[in-house]
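Please keep both in view while reading.

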Amino acid sequence: MKRVEDPRLIKGIATYVDDLKLPGVLHAEFVRSPHAHANILSINTGAAKELPGVVGVFTGADLNDKVAAIPCASPLPGGKTVSHTVLAGARAYFVGHPVAVVVAETRAIARDALDLVEVDYEPLPAVIDPEKALEEGSPLTHPELGTNVAFTWNLHSGDAEAAFKEADKTLKIRMVHPRLTPMALEPRGCAASWHPGESALTLWTSTQIPHLVRTLLPGMIHIPENKLRVVAPEVGGGFGSKLNLYPEEAVVSHLAIRINRPIKWIESRRENASSTIHGRDQVTDHEIAVRKDGTLLAIRTKLIADVGSYWQLLTPGIPPLTGLMHCGCYKLKTVHVDITGVHTNKMSTDAYRGAGRPEAAYLIERIMDLIAGELALDPVQVRLKNMPEPTEFPFTTATGLNYDSGNYQAALKKAQELADWPKLLEERDAARKAGRLFGIGISTYAEICALGPSKIMAAGGWEWGCVRMEISGKVTVITGATPHGQGQETSFAQIAADRLGVPIEDVVVFRGDTATAHFGRDTYGSRATALGGSAIVMSIDKIVEKAKTLAAALLESPPNEIEFKDGKFFVKGVAQKALGWGQLASEAYVAKNLPPGSEPGLEASSFFEPPNCTFPFGTHIAAVEVDRDTGQVKFLKYVAVDDCGKQVNPLLVEGQVQGGIAQSIGAALMEKTVYDENGQLLTGEFMDYAIPRAVDIPDFVLGSTETPSPSNPLGVKGVGEAGTIGSTPAVANAVVDALSPLGIRHLDIPFTPERVWRAIREKGGRP
Amino acid sequence: MNTRVKIRVNGALRESEVEPRLLLVQFLREVCGLTGTHVGCETGVCGACTVLVDGQAVKSCTMLAVQADGSEVTTVEGLSHNGELHPVQEGFWECHGLQCGFCTPGMIITIVQLLKRNGSPSRDEIRHAIDGNLCRCTGYCHIIDAAEYAAKKARV
């Protein structure tokens with residue numbers, strides 16, 4: 001099924017935020033701190049204000065008492081942070097911190113005016129290394145907090161002491177998961193327009209979460225919720241980076257009201273790298289207790305998370321997900337995780353595609369290989385030894401999660417078949433004999449999706465959907481999920497067309513506008529199809545029921561005698577005398593022949609509240625060769641078998657998996673956000689922050705297994721992040737396997753040629 | 001001091017007084033109102049702004065409008081004719097060659113130019129040809145499929 005959203009995109013006539021044409025629009029640009037940490041002694045806006053075309057220049061002193069601070073939806077008990085005002089106050093605490101905003105008639109004038117705003121900074125010592133930040137006498141990211149500890153989080157499940165006593169072997173390993181920059185191709189941007197007659201504001205913003213913005217922003221800019229309309233027009237990728245309410249959205253909204261003209265702000269790539277959330281950035285020290293047969297008994301983890309200088313929407317919520325997903329797809333009974341979130345003078349970390357789970361998959365899947373290596377066991381057998389059997393589901397992990405359904409062995413077996421496993425091992429043996437550095441890596445991951453029951457979420461884990469049979473018999477579907485490239489305009493239309501028995505061309509899906517989608521919790525955590533799709537199914541069921549009572553009245557038969565099949569309603573056994581949607585819709589709205597007590601119309605909306613999250617899984621296998629002389633990693637084979645439950649549109653599933661793997665290969669081989677010792681961001685552009693290009697990505701061999709989720713009527717689990725979670729450890733295990741003949745036991749991502757070359761050189765492998 | 005430029009865009013002559021610093025991509029988006037050409041980095045790396053200038057694929061954020069004076073420019077909006085998609089556009093639709101769509105116009109233009117040079121490129125040749133166009137969504141696999149589809153279609 002081809003995507004219905006594609007024609008506008010391939011013709012270049014789609015409307016992203018920057019494509020909006022608003023009469024009389026002004027342009028905003030932000031003055032940002034060039035220092036990681038500095039007192040702001042004074043700001044002189046005089047020269048900028050005098051530039052012809054400049055409408056206004058505003059500093060923290062002008063705005064911070066009128067616009068409330070940036071909200072965090074996942075604070076942890078005992079956590080400490082600062083109130084992050086929309087513009088810096090007395091102090092700037094990361095490179096890119098917005099300090100002032102210029103509003104001008106054109107973008108060029110606004111940019112010219114940035115250079116005329118004089119800010120007198122007094123640089124302060126910057127906190128960069130999260131471990132040194134915990135040492136006594138370290139400079140402080142926020143002196144007023146008296147500590148760089150932002151929060152702690154602990155999970156102690158099972159008797160660790162007993163497990164380590166019982167163990168035949170204990171291992172120790174330290175892993176570093178670097179900071180990553182999401183780099184959606186479309187930077188952020190927003191435009192706001194004030195309608196004084198209605199005292200109402202419209203905000204168009206490149207976001208994954210228009211509904212959450214509508215919940216959070218009104219209180220910040222002091223307008224009623226029902227006077228704010230938020231529109232996410234075409235959104236050019238998010239990957240979690242647009243799962244946030246940012247200062248720029250609040251400032252632009254406030255100023256559009258204050259100046260009473262539409263204002264647009266479009267982020268530059270440099271701003272996107274410095275001032276849009278980053279992801280990952282964890283240092284972990286593990287102790288592992290294992291039996292000599294490979295049974296994993298316990299993991300004890302000390303995790304230091306560099307959360308940056310302030311909390312965005314979910315900042316403190318991400319590292320605990322790594323804690324909760326420590327078990328991966330294994331049965332170990334004892335997990336102790338102690339997390340320390342540390343403030344540093346950097347941009348905040350938050351949910352980047354996978355959000356805590358790629359870190360967990362990386363550590364548990366590396367641990368599986370370390371166990372195999374240490375005990376001279378087959379990595380596949382070690383995994384099989386520790387997996388629950390399909391009959392053990394629902395399966396409760398040591399960390400307390402209830403995995404809904406699974407057959408991990410089947411996915412592993414299928415991946416091995418697709419990889420031609422015995423032949424692959426032979427190839428490796430032959431290559432090694434010839435002195436080549438050939439490695440095979442496997443990763444059997446499980447993840448958590450479809451977030452997720454309201455009781456575990458900050459503000460509602462449901463999703464909303466509406467289905468309207470129009471008077472003409474055309475179908476309007478409105479979803480509260482907000483796809484931004486995933487293709488749910490197509491998959492939701494498919495769901496509606498299949499269940500209603502109408503041609504897909506008759507279905508239109510609306511999304512991303514709080515004026516039409518009255519409720520929504522939006523798109524993140526691979527939740528849109530599982531939850532948004534289910535809300536649509538519920539609504540369809542309601543209108544089918546209603547249509548049955550109407551058909552019963554028209555066919556003069558009791559409702560329980562009415563059958564619905566392929567879009568037709570008929571009395572059981574009398575299919576030749578059937579009523580279609582067109583006739584029923586017309587009757588429902590013309591409303592002359594309604595059964596007694598029946599309301600006109602044929603529309604239903606529903607909130608779907610899931611009983612649990614879903615737990616997709618799969619197996620990824622990578623075969624790589626490392627060039628001894630250059631450290632370059634080359635893919636020889638890449639196989640992925642993912643189980644995301646039922647698939648609504650297999651082509652879209654494939655696209656999600658491929659894209660996820662590519663991002664994950666980026667993380668494994670080249671991506672790393674770098675701040676220097678002074679807190680200067682060295683990876684502020686695509687020239688310095690490498691994301692994979694076409695030549696870096698091999699063709700994938702993809703397969704799937706299908707274990708339906710019992711947590712929703714569609715049986716789907718979600719697939720938006722699977723590739724990003726399963727892939728990095730497969731590549732890491734392959735690269736370490738390739739280097740293992742040199743005596744290398746562990747190497748951290750990213751495997752840049754330099755890092756790999758140095759590791760080879762240290763071990764005397766060349767040159 | 002503004003300068004007068006005459007640029008033929010998708011077959012229509014556009015004449016305008018522009019600032020010498022105005023980039024070609026800004027001319028296309030702001031003066032011509034053709035917003036299919038996107039800006040992803042402003043440093044000539046991502047390729048979202050790729051257009052054809054006198055038949056050559058050019059990153060239009062690296063060229064000034066005044067440099068394009070007298071040229072013929074083709075943007076993504078100029079590819080389909082009489083409502084019929086260009087084979088490369090069709091390939092992207094058929095093969096699910098796009099997700100968020102932001103890089104797509106630049107990708108399509110680059111592949112249009114590739115297929116003019118090489119009517120039956122290998123997958124590796126396609127990979128190299130689109131090496132200057134970044135995509136964060138697709139992992140490129142379906143984009144390469146789309147280019148192959150278009151090459152085949154154009155040969156038939």
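This is a predicted model: local features need pLDDT of at least 70, side-chain atom pairs count only at pLDDT 80 or more; totals for chains, interfaces and linings use all residues.

## Helix H6 of chain A

Helix H6 of chain A covers residues 210-221, and its 12 residues should span 16 Å at 1.5 Å a residue, which agrees with the 16 Å that separates its end C-alpha atoms. Because 10 of the 12 residues of H6(A) are buried, the helix is largely enclosed by the rest of the structure.

Among the buried residues of H6(A) are A:Pro210, A:His211, A:Arg214, A:Met220 and A:Ile221, and the buried residues of this helix pack against strand E10 (200-205), strand E11 (228-231) and helix H7 (247-259) of chain A. A:His222, which follows H6(A), has a positive phi, near 60°.

## A:Glu105 in its loop

A:Glu105 lies in the loop between strand E5 (98-104) and helix H4 (107-114) of chain A, and it counts as partly exposed because it has 16 C-beta neighbours inside 10 Å. Leaving aside residues up to four places away in sequence, A:Glu105 touches A:Leu26, A:Gly53 and A:Val55. By contrast, A:Gly520 is 415 residues from A:Glu105 along the chain, and the C-alpha atoms of the two are separated by 35 Å.

## Where chain A meets chain B

In the contact between the chains, 42 residues of chain A meet 41 residues of chain B. Helix H1 (6-10) and helix H17 (650-669) of chain A each supply at least two residues of the side of chain A that touches chain B, and the largest share, 7 residues, comes from H17(A). By type, the residues on this side of chain A divide into 20 nonpolar, 11 polar and 11 charged.

Methods: Residues are numbered from 1 along each chain as its sequence is written. Chains are lettered from A and ligands numbered from 1 in the order in which they are written. Helices (H or I, at least four residues) and strands (E, at least two) are DSSP runs, numbered from the N terminus. The expected span of a helix is 1.5 Å times one less than its number of residues. A residue is buried if 20 or more other C-beta atoms lie within 10 Å of its own, exposed if 12 or fewer, and partly exposed in between; C-beta atoms are placed from the backbone. Two residues are in contact if their C-beta atoms, placed from the backbone, lie within 7 Å. Ala, Val, Leu, Ile, Met, Phe, Trp, Tyr, Cys and Pro count as nonpolar, Asp, Glu, Lys and Arg as charged, and the others, Gly among them, as polar.
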